[in-house]
Amino acid sequence: MKTRLLALCLIMAFAIMAVPAMAQDFPGAGSTCTTDTSDGSGLPGCGTPDDNECNPGGVLYREENQDGCASLWYWKAGWFLARFNDGKISRKDFPVEFVSVLPPLEKVVAQGCLLDLTTVDPTYGVVSVPAAILNRAPETFNFTFSAPYYSDGTWTWAWHNGSVGDDLGFDFENNDHHVYSIGYGWLYPVTGNCTVNEAAVP
């Protein structure tokens, strides 16, 4: 009896030590937040944007999703983004898989336009729409389906004549996803100042 009790205690002790270690295998697991922000731990409050930008009030939160995130990829990106916004992770150290959710270097997120392409391809994630595209600047037009097109340094964009009028092509050089149509608007979720100057001409 004593041997069984000792074995049970050893198993429980091992489980107590192993669970926290295993919980760190993915972002947002384990003790990465607290329910009492005054407890001196310095951890962000659970369920807040300080812990994950997918939580209500966060820049990646979407009310239509049950947990604020469209996918596990999105949730992990939100976890890293919260720590970036808090200064705990630098842009240089940010995981490459999620860099698309980072704010552009030259703009503040609140002033820019973010386009959510998670449902198209998780590798795209949330991308920043260049101001030149929103203003339909001449260099962003392409009616011949070949160069020139506009590059923001990461993705290529081009306004071009689609099947129902002028469309905006994202990743134009490769997949040419139509993300905006004149007279209809954005075809995927956007946040921030995403007003397109439809009247602009080349």
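The predicted structure holds 3 salt bridges, a salt bridge being a side-chain nitrogen of Lys or Arg within 4 Å of a carboxyl oxygen of Asp or Glu. This is a predicted model, in which local features need pLDDT of at least 70, side-chain atom pairs count only at pLDDT 80 or more, and totals for chains, interfaces and linings use all residues. Residues are numbered from 1 along each chain as its sequence is written, and side-chain values use heavy atoms, with hydrogens and water left out.

| Salt bridge | N to O distance |
|---|---|
| Arg-83 and Asp-51 | 2.7 Å |
| Asp-86 and Lys-88 | 3.3 Å |
| Arg-136 and Asp-166 | 2.7 Å |

Helices (H or I, at least four residues) and strands (E, at least two) are DSSP runs, numbered from the N terminus. Both Arg-83 and Asp-51 are buried; buried means under 20% relative accessible area, exposed over 50%, and partly exposed in between (1.4 Å probe, protein chains only).

Asp-86 is partly exposed at 49% relative accessibility, and Lys-88 is partly exposed at 48%.

Arg-136 is buried, with a relative accessible area of 3%, while Asp-166 is partly exposed at 21%.

An open sheet of 3 strands has the order E2-E1-E8, with antiparallel pairing. Two strands pair if DSSP finds at least two bridges between them. Strand E1 (residues 113-116) is joined to E2 by 4 bridges, and Leu-114 stands opposite Ser-128 in E2.
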